[in-house]
Amino acid sequence: MGLLDQLAGQVMGSLGAQKQDPVAQGDLINSIMALVNQAGGVQGLLEKLQSGGLAEQVASWIGTGENQPVSGDQIKDALGADNIQQIAQQAGLAPEHATTGLAQLLPQIIDQLTPNGQVPQGDLLEQGLGMLKSKFFG
């Protein structure tokens, strides 16, 4: 579990520097887990984001270089308003706050969960997101 602890620590450290409520971030992580499952895994989510116009940004998140930022509007366009509404409702946030949070969290989470440019196999993503969730509430 050392790798997952390290992953959680890195993402939490970078999130801690941001001015977003940690409880809301935990709720968004839960929503991201649900979104990943709905998309058919991390590869499915990446494909959805790529086909939604974020191919260049997603490639930077997976790669080993600097992550390209995205806006809340770009996330909304890529995932669709219905998905954003569902995520916002699950997280107890207004849709615009959910998209802003997703725009901050997704690049970091995808970056941390794709070491050396490799997309995780099996349930590694769920384990990693579970670790992040436990750091918020545990």
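## Overall make-up

This protein has seven helices and zero strands. Walk along the sequence and the pattern reads α-α-α-α-α-α-α. Keep in mind that what you're looking at is a predicted model.

The protein has 138 residues, and buried ones make up 41% of them. Its accessible surface comes to about 6,800 Å², with carbon and sulfur atoms accounting for 48% of that. As for contacts with a separation of 6 or more, 70% of them link residues 24 or more positions apart.

## The nonpolar core

Now for the inside. The largest nonpolar core holds 29 residues, and the ones touching the most other members are Leu-49, Ile-75, Leu-79 and Leu-102.

Setting aside neighbours within four places in sequence, Ile-75 is in contact with Leu-54, Val-70, Gly-80, Ile-84, Thr-99, Leu-102, Ala-103 and Leu-106.

## Helix 4 against helix 6

Two packed helices are described by the angle between their axes and the distance between the axes. Take helix 4 (residues 72-79) and helix 6 (residues 95-113): they pack at about 90°, and their axes are 8 Å apart. Angles of 65 to 115 degrees count as roughly perpendicular, so helix 4 is roughly perpendicular to helix 6.

Which residues make the contact? On the helix 4 side they are Gly-72, Ile-75, Lys-76 and Leu-79, while helix 6 brings Thr-99, Thr-100, Leu-102, Ala-103 and Leu-106. Sorted by class, this contact has five nonpolar, three polar and one charged residues. Ile-75, Leu-79 and Leu-102 are also among the residues that touch the most other members of the largest nonpolar core.

## Helix 5 against helix 6

Helix 6 has another packing partner to look at. The axes of helix 5 and helix 6 come within 8 Å and cross at roughly 95°, which means that helix 5 is roughly perpendicular to helix 6.

Here helix 5 uses Ile-84, Gln-85, Ile-87 and Ala-88, and helix 6 uses Pro-95, Ala-98, Thr-99 and Leu-102. By class, the contact of helix 5 with helix 6 has six nonpolar, two polar and no charged residues. Thr-99 and Leu-102 take part here, and Thr-99 and Leu-102 also show up in the contact with helix 4.

Ala-81 sits in helix 5. Ala-81 and Thr-99 are 18 residues apart in sequence, and 9.9 Å separates them in space, C-alpha to C-alpha.

Gln-38 belongs to helix 2. Its relative accessibility is 52%, and exposed means over 50%, so Gln-38 counts as exposed. Which residues does Gln-38 touch, not counting those up to four places away in sequence? They are Asn-83 and Gln-86.

Key. Residues are numbered from 1 along each chain as its sequence is written. This is a predicted model: local features need pLDDT of at least 70, side-chain atom pairs count only at pLDDT 80 or more; totals for chains, interfaces and linings use all residues. Side-chain values use heavy atoms; hydrogens and water are left out. Axes are lines fitted to C-alpha atoms, for helices over the stretch in contact, and angles run from 0 to 180 degrees between N-to-C directions. Helices (H or I, at least four residues) and strands (E, at least two) are DSSP runs, numbered from the N terminus. Angles under 35 degrees count as roughly parallel, over 145 as roughly antiparallel, 65 to 115 as roughly perpendicular and the rest as oblique. Contact means heavy atoms within 4.5 Å. Ala, Val, Leu, Ile, Met, Phe, Trp, Tyr, Cys and Pro count as nonpolar, Asp, Glu, Lys and Arg as charged, and the others, Gly among them, as polar. A nonpolar core is a set of buried Ala, Val, Leu, Ile, Met, Phe, Trp, Tyr and Cys residues joined through side-chain atoms within 4.5 Å. Buried means under 20% relative accessible area, exposed over 50%, partly exposed in between (1.4 Å probe, protein chains only). Accessible areas come from the Shrake-Rupley method with a 1.4 Å probe; for residues, only the protein chains shown count as cover.
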